[in-house]
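Hi there,

Here is the structure I promised to pass on. Have a look at it first, and then read my notes below.

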Amino acid sequence: MKTINSVNEFVIRFANTNGTGSASANNMFAKAIFRMGVPVSPRNVFPSNIQGMPTWYDVRVSEKGYLGRRAGGADIVVAMNSQSMMDDVQSVEAGGYFLYDSTKEIDPQLMRKDITFLGMPISAICLREYNDPRQRQLFKNVIYVGALAALLDMDFEVLKGLIADQFKGKEKLISPNVHALELGYQYAKTNFNCPLSIRVQKSDKVGNRILIDGNTAAGLGAVYGGATVAGWYPITPSTSVVENYEKYCNRLRIDPASGKKNFAVMQAEDELAAIGIAIGGGWNGARSFTATSGPGVSLMTEFLGLAYFAEIPVVLIDVQRAGPSTGMPTRTQQSDILACAYASHGDTKQVLIFPSTPTECFHMTADAFDYAERIQTPIMVMTDLDLGMNDHMSDELSWDDSRTYDRGKVLNAQQLEEVEEFGRYLDVDGDGICYRTYPGTHPEKGIYFTRGTSRNEYAAYTERGEDYVRNMERLNKKFRTAAEILPQPEMHRQNKGSKIGVVYFGTTNAAMDETFDLLRAQGQNVDGMRLKAFPFAKAVEDFIEQHDQVFVIEQNRDAQMRTLLMNELDIDPAKLVKVCNYDGLPITADFISATILDHIAVAPASKVARG
Amino acid sequence: MSYLKSKFHHPKLAKNDLGLTYRDYEGALSTLCAGCGHDAVGAALVQACFELSLEPHKVAKLSGIGCSSKAPTYFLGKSHGFNTVHGRMPSVATGASMANRSLKYVGMSGDGDTASIGMGQFAHVVRRRLDMTYIVANNGVYGLTKGQTAATADKGSHTKKGEEILWSAIDLPTMALQLGATFVARSFSGDKDQLVPLLKAALCHEGFAFIDVLSPCVTFNNHATSTRSYDYVREHVEAGNIADFVPSREEITTKYAEGESKDICLHDGSLIRLHKGKDGYDPTDRFAAINAIEQHRVKGEILTGLLYCDPTLRDMHDFLGTTETPLNTLDEKTLCPGNHALAGINNSFR
């Protein structure tokens, strides 16, 4: 039997039952690899359920830094759930390993000849060692991590350090956990050939990066970006954005003199109210936000139209999941793009920004408050479940202390005294962005009635067609201005200037280094462009113009970004080829490169370009 | 269209403590139907704000959609306003108050905007005891869409077209009481003497003040078989506790004999002096209030006046523990923890 031989380049899958406390043990495993200096990307594949359903935790270990999901099965499976055992055995790559609880004998029919079965009587060990049924359950998880330390040649001291960190303040829990680790470690050392042909070796590829999820980073971004008002409604996978915002605010935003809060969070009755609260706060001059996912976006759509038309700054963090309807609430997708870009009835266009790493979630969320107040419109931060809920290795967070918030065009009482004329919707500067005032600023000046109905430059109600058209044209002008304010696309060009381009955004970025390498290995040097914002910058148009054929890679069925590019930039549909993965799991480099290579083989770029 | 009113006014028009006249609190010329109750509600609000000497720009008026929600254009022209979306004014008011707790918030809504599409938001803004005055101009009918029945219309009454109303009516003051409003009143747009003191007390109350104002629709719900017509309401109104509002700066004099009146002291030191009607009950007793409303309803009467008030209960900001300084005035020095705080945060993710 051939075995997989690999150092620092493999995938390990933990198959557990949700609600059994496996998450913290699995997380400890991933973090140990990370602390050994080896790039790692853990991904939790979980059901929409509290207890008793199968859940998987895939950890990709990659010295090369390939942090996207790897296609295919796992090299090692740790099987702790008898319910999913049959599938789990099948998911091991040939030559891989299957570590399982051998307390109960495994069904002989499940045995495969091309993988190595490592049976370990984990339940029996727990039964022997612990009296408390809860401990018997919890320590199973720690025991298999201990066994993996021996099997993969991991640094045991690193694991002990992690336990010490985890139980800081609850020190008496440290030694039982370390004991459980040792039980697993000793069993593996005694009964298996350690290390396996797959193993971990200390490296220096992590640098100053951190292992953090996008929702935590976005919540911190809202703290740093100066958000003071949050209205929200719980929905997977966005819930932890506002929870983290509130957690860090309680640490960092308490007024030292009074002990009171320099922020206000309201869990609303639904998403309609959540965005209403954020809009009320934005109208009144506070940096306000909400976080939601697809079904919430549907509910918020009416209000988003109001905020577009009444020009209220507000930030919405959309952690996308698989739709439509309830869809797959615990699976990832990038499928709210059109719903968000054109959110609401009538002619509306909304501003979207696309972070691709937790660090970008932090910075882009903070920046979103500047954009919202500068452009006076909703800003939607488009993340997804993979980015929001999984830990990703990402640059450490930093903040430029000399930075001031861009509060946009707001007139204070003194400025109102000085201006000759105030019109809320008067385009004084010619960029489509008008001056606003906060309620309560001045007794006589700058007062206006905000509304979703048509109005003239002085905020007075009007149904005159020419007034309406003038306002709508100005809003379009403002949207063009927005394209210059928003982040520019990130270019990855080859030296020789390829005729083939690929366009991608968000979490697809994690798979792109590997994709470029795979394509290069097949003789295809393609140019890449990562989109960061809608409306599209001029550079986006130029990139597409400069290439004969452009692949648009996205994680939805209908190629929504491709539609948006065609629609907004008047691009010939034949030029844009869709590369869509939408099974709810993060897109892989294998899928992207295979789809592109297939297409090139069938329709060479030059032919397509000539039409 | 809203038309500008003439700015001309009599030079001897009375001035309040701020040196402002009644005209300073008016809005644009109304485009509601002549005789619409909503205009009387607006006029009462203008009078209340004038008499309280509120700074107009320190009041924010919010509304949803409907005839009632158009009305804020026609009062308090020197106040910022936000005409939001249908049934969603409470959430916008919540966010506005979270951003700046120093303004006075007046919400103007209608029976459709509150009791139908906005029922959810209404229930929850009451629960969170937002510090605002929430007025429902209640005419039991949809005006802008021309005469459909509202959820507050009485079961068994008839529409202008003669159709019987089949569905149970929603009583908004009862709901507000059940959900924790700390000031609940009902009045009639045609009874300014009752409405103005109630509005003044509501504006001075710190917490959620709710006033259901029966405000007849002259065009679609003023017929003989309606229970929301001017005639019907006049005949069936039963004033319960009659409230006088005594501002904090005025000497307290009493018109009533001992034992007949009860004073409720509000946060700002002003008083509500209540004269108990013939079926008077203690208006700080929530159960008694609900009971009284229901007993009058069974008799075919509409109980008005101050139904309930408890100024000692906390409001949303007390619950949230928000700082006294309006959040919208805080800058990066206060809000941004700075780069040094990130060192520890980064380390917690290693």
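This is a predicted model: local features need pLDDT of at least 70, side-chain atom pairs count only at pLDDT 80 or more; totals for chains, interfaces and linings use all residues.

Let's begin with chain B. Its fold uses both kinds of element, with 12 helices and 13 strands. If you draw a box along the principal axes, the C-alpha atoms of chain B fill roughly 75 × 50 × 50 Å. How does its radius of gyration fit with a compact globule? For 350 residues, such a globule would come out near 20 Å, and chain B has 21 Å, so the two agree. Of those 350 residues, 54% are buried. The contacts are worth a look too: take the ones in chain B between residues at least 6 apart in sequence, and 72% of them join residues at least 24 apart.

Now over to chain A. There you'll find an open sheet of 6 strands with mixed pairing, and the strands follow the order β3-β4-β2-β5-β6-β7. Which strands sit at the edges of this sheet? They are β3 (40-45) and β7 (116-120) of chain A, each of which pairs on one side only. On average, neighbouring strands of the sheet are turned by 15 degrees against each other, ignoring direction.

Strand β2 (residues 9-17) of chain A runs parallel to strand β5 (residues 74-79) of chain A, and 4 bridges join them.

Technical notes:
Residues are numbered from 1 along each chain as its sequence is written. Chains are lettered from A and ligands numbered from 1 in the order in which they are written. Helices (H or I, at least four residues) and strands (E, at least two) are DSSP runs, numbered from the N terminus. The radius of gyration is taken over C-alpha atoms; the globule rule is 2.2 Å times the number of residues to the power 0.38. A residue is buried if 20 or more other C-beta atoms lie within 10 Å of its own, exposed if 12 or fewer, and partly exposed in between; C-beta atoms are placed from the backbone. Two residues are in contact if their C-beta atoms, placed from the backbone, lie within 7 Å. Two strands pair if DSSP finds at least two bridges between them. Axes are lines fitted to C-alpha atoms, for helices over the stretch in contact, and angles run from 0 to 180 degrees between N-to-C directions.
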